[in-house]
Amino acid sequence: MPLLKKKPHKLLEPPKNLQPHELVYQVRLTKEIFRDYQMYLKRINLYRQRAWTCKSTGKTCLTYEEALESEKLANKKVQTLPRELVSPALRIIQFSTLSLKDLADAIATELQNCFFAGAELYGNRDEESHPCRILNILTDEDSEPLYEVGFLDKDKEINEKAVLSGEDLSWKKFPFSRNFLKAFIRESTCHSIPWVVNEYLAKAHGITRTIPRELQDKYAFQNGELVQQRKQEDKTGREKGKRKRAEDGSHVAEETDKETNGSEEEPPINYPIEDLLLPSEPDDSNITQRPSPSRDFNVPMDCVGDLLMVWDFCSSYGRQLHLWRFALEDFENAICHKEGNLVLIMEVHACLFRFLINEGDDTFKALKRRSRKSKITLITWTEYLCDFLDSVDIPDLCCDVGTIKRGHYGLLDPSVKLKILSELVNQIAETILFKGEVDELLEQRHALGAARREEALAEARHKRMEKERSKNGEEAEVLANSKLGKKKNSPQVVESSEDSKMKESSEGEIKMGNGSVSSGRTEKSEKRLMGNVYLRRHKKQMTDTKSTSKEVEEEEEETESEGEEEEEEKGSSGKKQGGKSSSEDEKGTLEMRGPEQRRQYYEREMEKIVIRTTPLGKDRNYNRYWWFRSNGRIFVEDSDCKEWGYYTSKEELDALMGSLNRKGERELSLHMQLEKFYDRICSTLQKRAKDIAHNIEMEEAVVRRSSRVKAPVHENPASAFQRYVNKWKED
């Protein structure tokens, strides 16, 4: 049985008056039964703590299950001790007062002269030691035992037999180590110092259980256990204490409760723990009810995952695909649109087809043959789509090839459209060209991370240098003050001729070293003036940046996506004109910025390089929460990947964070991620709410117009997906 804090641990007895059909909680390891869930939870957490010790090996900082496994392995090893050696070892152990280490050494030295049949050791033959095996023990009542041995050859086969005495036999190395003997001692005893052998072992091997005379005054057996005897005064004092406690009814109630429960005070639970071990309805009043997410998608519910996957892929790798970014709402409306061909759908397919055509593999030969004849346009893109479906040869998708050839792609079900696009994305993700692009992005991300780390190290190094300079300056001031005090107290001393000559020579060297500077004092004063001017300029720059930082952040949050797109356009045109000048300008601007601005720049650049979108975390029921940086909503994916929902407001986000139980592992990590990105999520949600309000105003303005003046299509925000233009399209 494992030890709790190096003390025996008693298991709880099952509750009384249990009914056959009563629902209870049972611990898997100990088979303990509980009616109360909280008591069961405390017991489980107790067994999961690393406070248990293996009784056989003495290993500490184990869980209950690990301690049980350690005891099982130790028991298997202990059982390998030969029966001929068990009895003498137990006789040495019984009532010994030695420590565990000394007792193991004593057993090892005593068993050196104990030989048994089947033992392999060394025997003397022709005044030389040879390996042998004991075959039989020849004993006489009067003389010492003799051993019939067989000498072994290289293959451990007996080639000669002989009869030797115990003096002619010796162990080259004792077969049982000290750790093995320690485990044997722990396993075969029920009390330590004095060590008492278990009752069943004592009976089996004929070992006496009578206490020696030197220990009879201190110890005695009670109910089969060795108990330390106390003095009579202690007994009388203890009885008086019991009488006083018996007078107080509260103490009696506490004692009866402890006796009935038969358990020690449970240690406090170390949170966080597994979420499902917590009650479904927490007692904490701070945990609010979780808001229900919205589920009004235009596409079927089982297609939302494919919709988000395709849109996120096109948004993340738009530069590599030469595809201009588009909103999720526009993509969803375009998928559900059934009237005619849309530029958005055509450009998405065309960019994916071009990427497959540029791949050097011959998997899609039909696409490559067709690319030589005609370009991908609004009229010919469906022909490329049919060739792709024929080359993929998926029965669920090939059945709609006829509808596409007849020019009715818009009549396809949205689920079929999304399946085709997801298959295209999966085919691109497996190409060597795409993997090379991802490797380049990873290298860029690693380079930015290395530059950020170097910046942080340089800043820390600069701070250490400043601290050292300040310390050295203080020490120099203290030394100068002490020297001045000594000079004031000491009499004036006339300078010697040698000292004066040395001073004159040093002054001459200063004058000759720099013609523009007359002396060392003027040089120092100029350096101080230059330093003061630099400090004033630096302070002005810092105040200006601080005053405008808030305004800049707000402007960046409002126009983040537009700014990124403009920067990318400028960057692409700059690369065509000349990459050297742009890189030099970037280096110059980075050097002019402060350390905090440079750090923020590196973080923004690293966030632009998206390799893979991962969920924020999971809740108690393993529902995943997704947040895409270019879309304001927080999406919720069911654990079965069948249902989706989303949150669109700051109030819903606050309610979601308030409903998470931070005592659970999964919900704690999810809460930490939401706190980390809280400001950015709120800004994207507010921006999305403003855009929706602006679109509603625009729609109302279009409706209020007179029927005589027909509003142009580009003024209606609901038809924004019809006005898509791919600004990154290849020529």
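This is a predicted model: local features need pLDDT of at least 70, side-chain atom pairs count only at pLDDT 80 or more; totals for chains, interfaces and linings use all residues.
**Overall make-up**

The protein chain contains 27 helices and 18 strands. Of its 731 residues, 33% are buried. Among contacts with a separation of 6 or more, 57% join residues 24 or more positions apart.

**Packing around helix H18**

Two packed helices are described by the angle between their axes and the distance between the axes. Helix H13 (residues 343-358) and helix H18 (residues 414-429) have axes that come within 10 Å and cross at roughly 30°. An angle under 35 degrees counts as roughly parallel, and H13 is therefore roughly parallel to H18. The crossing of these two helices, H13 and H18, is left-handed. On the H13 side, the residues involved are Val 348, His 349, Leu 352, Phe 353, Phe 355 and Leu 356, and they meet Ile 420, Leu 421, Leu 424, Gln 427 and Ile 428 of H18. By class, the contact of H13 with H18 comprises nine nonpolar and two polar residues, with no charged residues.

Helix H18 also packs against H15, at an angle of about 70° and with the axes 12 Å apart. H15 and H18 are therefore roughly perpendicular to each other. The crossing of H15 and H18 is left-handed. Here Leu 385, Phe 388, Leu 389 and Val 392 of H15 meet Ile 420, Glu 423, Leu 424 and Gln 427 of H18. The contact of H15 with H18 has six nonpolar residues, one polar and one charged.

Thr 380 is located in the loop between helix H14 (365-373) and helix H15 (381-392). Thr 380 is buried, its relative accessible area being 14%, and its side chain reaches the backbone nitrogen of Thr 377 at 3.0 Å.

**Helix H3 and its surroundings**

Helix H3 (residues 83-93) has buried residues at Leu 85, Val 86, Ser 87, Pro 88, Ala 89, Leu 90 and Ile 93. The elements against which these buried residues pack are helix H4 (100-110), helix H5 (178-188), strand E11 (189-191), strand E12 (196-197) and helix H6 (199-205). Just after H3, Phe 95 adopts a positive phi of about 60°.

The loop between E11 and E12 holds Pro 194, and the peptide bond from Ile 193 to Pro 194 is cis, with omega near -5°. A cis peptide bond also runs from Tyr 271 to Pro 272, with omega near 5°. Pro 272 lies in the loop between helix H9 (249-261) and helix H10 (304-316).

Arg 633 occupies the loop between strand E16 (624-627) and strand E17 (634-637). With a relative accessible area of 4%, Arg 633 is buried. Its side chain makes a polar contact with the side chain of Glu 329 at 3.4 Å. Beyond its neighbours within four places in sequence, Arg 633 is in contact with residues including Leu 328, Trp 626, Trp 627, Tyr 646, Tyr 647 and Arg 688.

Tyr 622 lies in the loop between strand E15 (617-618) and E16, and Cys 641 in the loop between E17 and strand E18 (644-647). Tyr 622 has a positive phi although it is not a glycine, and Cys 641 likewise has a positive phi in a residue other than glycine. The values for these two residues are set out below.

| Residue | Phi | Relative accessible area |
|---|---|---|
| Tyr 622 | about 65° | 37%, partly exposed |
| Cys 641 | near 60° | 44%, partly exposed |

Technical notes: Residues are numbered from 1 along each chain as its sequence is written. Side-chain values use heavy atoms; hydrogens and water are left out. Helices (H or I, at least four residues) and strands (E, at least two) are DSSP runs, numbered from the N terminus. Buried means under 20% relative accessible area, exposed over 50%, partly exposed in between (1.4 Å probe, protein chains only). A polar contact is a pair of N or O atoms within 3.5 Å; within protein, one must be able to donate a hydrogen and the other to accept it, and residues adjacent in sequence count only if both atoms are side-chain atoms. Axes are lines fitted to C-alpha atoms, for helices over the stretch in contact, and angles run from 0 to 180 degrees between N-to-C directions. Angles under 35 degrees count as roughly parallel, over 145 as roughly antiparallel, 65 to 115 as roughly perpendicular and the rest as oblique. A crossing is left-handed if the near helix is turned anticlockwise from the far one by less than a right angle, and right-handed if clockwise. Contact means heavy atoms within 4.5 Å. Ala, Val, Leu, Ile, Met, Phe, Trp, Tyr, Cys and Pro count as nonpolar, Asp, Glu, Lys and Arg as charged, and the others, Gly among them, as polar.
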